[in-house]
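Biologist: I have a structure open and would like to learn how to read its features. Could you take me through them?

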Amino acid sequence: MQNAHCGKLTRRRVVAGAAAATALLGSPAVVRAETKALKVALLLPQSGYFAAAGQSCYRGAVIAPKVLADYGYHVTLSYYDFESNVAKARIQAERAIGDGAQCLVGAFESGATLAIAQVCEQRKVPLVVNIAAAPPITEQGYKYLVRNFDTGGQLLTNGLRLIKDLIAATKVDLTTAVFLHANDTFGMSMRHAMDKLFPVSHMPFKIAESISFDPQAQDLSVEVTKVRALNPDIVLVITHAADAIKLIRGMVMQRFEPKAIISPGSPGLYDEEFFDALGPLADFSIYTLPWANPKAQMTQALEAAFKPAHPKYRFAVDSFNVGFTFEALLIAADSFKRAGTANGSQLMAAIRATDIADHVMIGGPIKFDDKGQNNNIRSAVVQNRNRTPVVVLPPNVATMTPVLPMPPWHGRT
Amino acid sequence: MFSLYLNVISQGILTGLIYGLMALGLSVIFGVMRVVNFAHGEFAVVAMYATFLVFRYYGLDPLLMILPLAGLFFVVGYALHVTMVDRFVGRAEHEQFILLVGLAIIMVNGLLMIFGPDARAVNLPYGLDSYLVGPLIIPKARLYAAVAALVLACGLFVFLRYTRTGTAIRACVDNLVGAGVVGLNVKRLYAITFGIGLACVGAAGTLMVMIADAEPSLGSAYTLLAFIIVIIGGLGSMTGALVGGVLIGVSEALAGFVIAPSMKSMFSFALLAAILVLRPQGLMGRQT
């Protein structure tokens, strides 16, 4: 009876069917995309100078779709290597959008991120910045950009505050420092932030001199000689892995023994490359950085997915790059789910309205201010111990107590 | 303060001698064949990786690998000349450029595929040790590498000056037509020269890995460095290559110490510009 009723062709049914078919066929593709996955392009420096970090971010991206799917999010990823070259970053962004990417994630390096942001702005495709600290990224009024990472100023503010806590916790007398920084976009932004913030941060030590170096230089022995001449207690460094290795080697060769080597918010001292090259000499270096929260459920899920996917790599070492890259994808996927569309402006509006309480990195909910900046990220003091990054402050997330002053080099080799 | 300057200068000299050996290869090839090897730095990087591999799997000190690797690179250079480069000798510069840059790109990408982008280090047992001579701190690895570079450069001088093959090669430089008329096998001599050039760069790469990590992307920087050194020293002048290397090493070190470390490279280019203006043939080059 019911079947017979359903099969009956009436004028009303024909009109309704035609309307439904018209709506389905005539509606924008973005509406039909509601049930599909968001197409995200990852722009990373997978080769060239920043390759180690880019590869680390890539490892996080590779495992993300599966972990996100477990949380009910769907993304498909494509990867674009900009070879640590700003000009190529712009070209690759154009290419990714041309290939159909509905959202871009990247790019680890500030200069490249700025180049990609300009393309995204022109093409009205959202860009979720995973890692890049230069303040101009969120200061230039880009409407299609959010940054789930601290600015150089925020990194440094958090870093200096934590260094003060570190000195108080260890009760070590540290009175002078040298600030040694790379002269790339990131390094110079940190230098400007340091010049601005240090005088008002009331630190218990003075900066004797700020020295910039070329991060791509083959040899940093002159830089070390210059630092050694000033004989500071602390060497504050803004580095990447390759130059951090050269600096430590130079210090060992020139028998220079600072009480502490601290990075107030830069990579370099936690990369696998750094541990591989220096072995026990990598230990006891300290960095203040946003870090993965080991107690968060999502971090544990990410770690569980990381181990079988990358058996040769350690999550503890990769967690910074992996965590932020995953979170950028989480923001994109969550926004897509809420927006129900991949249309650039609507997806961007959803991204701007993000409010994710449960995530990977230490800090409050992921939210963006009017400029697209997440201000809820918090740093931790991390120290290399037995060639593994270990959180040593603040005490509520620490798994070890900090060691200062550093033990001598030659006792360790 | 004086001791600090002394340290900076000594480091510059030691590094400059290794740079000099690398530039020597470029200078020899250009001086004899008038071919500019645009893949020069990439060959040095290949030598660095070869040294890294042998050290990793057999634990052999790079100093013991200099001669075998230089020999291997000689053979590679000879074969490369016979099969490829010879066809481009005497042809337009841009054709030589394309050939050698193409070769460089293949090498860089080959290294990337095999080793990945990470830096590879040869962690010698004495790699982080240094000698204390009064106020001077001399890193052992750097000192050994520099002395080896100097010995190899002297060996090459002796070869070119006192052996029959060396004399024949010099004859080709002085008068190519004359060399052919008296029956010298110019093609073979060119192949030997190209082999010698690569042997130099192979040895320099072996020494370089004692003081710097191997990375696939380093090649172009080394090629550029070798060019600067050779132009400053004088294209085709062997002594000039060594002097240019030391000059660049010392001036970069002093500029880094006195002005700003990040301006080291800028200083090299400034020196290059000054030489090009004041003495275009280079410090020890012959005016043509």
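Modeller: Let's start with domains: their bounds come from an automatic or database domain assignment. For chain A, that assignment gives domain 1 (32–151 + 294–377) and domain 2 (153–289 + 380–393). Keep in mind that this is a predicted model, where local features need pLDDT of at least 70, side-chain atom pairs count only at pLDDT 80 or more, and totals for chains, interfaces and linings use all residues. Residues are numbered from 1 along each chain as its sequence is written, while chains are lettered from A and ligands numbered from 1 in the order in which they are written.

Biologist: How many residues does each domain of chain A put into the contact?

Modeller: Two residues are in contact if their C-beta atoms, placed from the backbone, lie within 7 Å. The C-alpha centres of domain 1 and domain 2 of chain A are 27 Å apart, and the contact takes 16 residues from domain 1 of chain A and 20 residues from domain 2 of chain A. On the domain 1 side, α4, α6 (110–123) and α13 (315–339) of chain A each supply at least two residues; the largest share, three residues, comes from α13(A). Those element names are DSSP runs numbered from the N terminus: helices (H or I, at least four residues) and strands (E, at least two).

Biologist: What about the two chains, which element of chain B gives the largest share of the side that touches chain A?

Modeller: There, 26 residues of chain B are in contact with 30 residues of chain A. α1(B) gives the largest share of chain B's side, five residues. For the classes, Ala, Val, Leu, Ile, Met, Phe, Trp, Tyr, Cys and Pro count as nonpolar, Asp, Glu, Lys and Arg as charged, and the others, Gly among them, as polar. By that scheme, the side of chain B that touches chain A has 15 nonpolar, eight polar and three charged residues.

Biologist: In which sense do β1 and β2 of chain A pair?

Modeller: Strands pair if DSSP finds at least two bridges between them. β1 (residues 38–44) and β2 (residues 75–81) of chain A pair in the parallel sense over seven bridges, with A:Leu38 opposite A:Val75.

Biologist: Which residues of α4(B) are buried?

Modeller: An α-helix has 3.6 residues a turn, so residues three or four places apart point the same way. A residue is buried if 20 or more other C-beta atoms lie within 10 Å of its own, exposed if 12 or fewer, and partly exposed in between, with C-beta atoms placed from the backbone. In α4(B), B:Gln96, B:Leu100, B:Ala104, B:Val108 and B:Leu111 are buried, and the buried residues pack against α2 (40–58) and α9 (219–233) of chain B. After α4(B) comes B:Gly116, with a positive phi near 80°.

Biologist: Where is A:Ser84, and is A:Ser84 buried or exposed?

Modeller: A:Ser84 is in the loop between β2 and α5 (86–98) of chain A, and its phi is near 60°, positive in a residue other than glycine. A:Ser84 counts as buried because it has 24 C-beta neighbours inside 10 Å. B:Arg34 also has a phi near 60°, but B:Arg34 is partly exposed, with 15 other C-beta atoms within 10 Å.
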